Amino acid sequence: MRAVFGFALGFGTIMLLAWIIAVGVAGSVEGWSKIDPDERFGLTGRRIVAGVFGFGMAGLSAAYTGWPMAVATLAAAAGAVVAGAVAGLAK
């Protein structure tokens with residue numbers, strides 16, 4: 001299960017960085033507003049990216065503390081929910 005958490009964290013990190021870069025480029029380069037992920041995917045897309053990142057982060061953290069895998073999976077799910085909720089507060 002640690003591999004699933006690690007993959008989610010890696011993929012979430014890449015997507016989060018890509019989101020940040022795309023928003024920065026769309027806001028500062030004239031004519032590139034069509035690549036703005038906030039306009040294309042909206043709040044739902046932002047919450048999904050944050051949820052994947054939160055799932056991986058919380059899951060790996062819980063798994064490496066020695067918690068049973070069922071508890072680590074519940075912590076990962078809670079991390080995804082909290083990260084998605086926090087992502088909805090921005091903007």
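Contact here means heavy atoms within 4.5 Å. The structure described is a predicted model.

The chain contains 4 helices and 0 strands, and its elements follow the order α-α-α-α from the N terminus on. The C-alpha trace spans about 50 × 20 × 15 Å along the principal axes of the chain. Of the 91 residues in the chain, 32% are buried. The accessible surface amounts to about 5700 Å², and carbon and sulfur atoms contribute 74% of that surface. Among contacts in the chain with a separation of 6 or more, 64% are made by residues 24 or more positions apart.

The packing of helix 1 against helix 3 was examined next. Two packed helices are described by the angle between their axes and the distance between the axes. Helix 1 covers residues 2–28 and helix 3 covers residues 42–64. The two helices pack at an angle of about 140 degrees, and their axes lie 8 Å apart. Angles over 145 degrees count as roughly antiparallel and those from 65 to 115 degrees as roughly perpendicular; helix 1 and helix 3 are therefore oblique to each other. Their crossing is left-handed. The residues that form the contact of helix 1 with helix 3 comprise 16 nonpolar, 7 polar and 2 charged.

When neighbours within four places in sequence are left aside, Gly 88 is in contact with Leu 43 and Arg 47. The C-alpha atom of Gly 88 is also 8.4 Å from that of Thr 44, although 44 residues separate Gly 88 and Thr 44 along the chain.

The C-alpha atoms of Ala 70 and Met 1 are 9.9 Å from each other, with the two residues 69 positions apart along the chain.

Notes
Residues numbered from 1 in each chain as written. Predicted model: local features only at pLDDT ≥ 70, side-chain atom pairs only at ≥ 80, totals over all residues. Heavy atoms only, no water. Axes fitted to C-alpha atoms, helices over the stretch in contact; angles between N-to-C directions. Parallel < 35°, antiparallel > 145°, perpendicular 65-115°, else oblique. Left-handed = near helix turned anticlockwise from the far one by under 90°. Nonpolar A, V, L, I, M, F, W, Y, C, P; charged D, E, K, R; others polar. Buried < 20%, exposed > 50% of the residue type's maximum accessible area, 1.4 Å probe, protein only. Areas by Shrake-Rupley, 256 points an atom, 1.4 Å probe, with all protein chains shown as cover.
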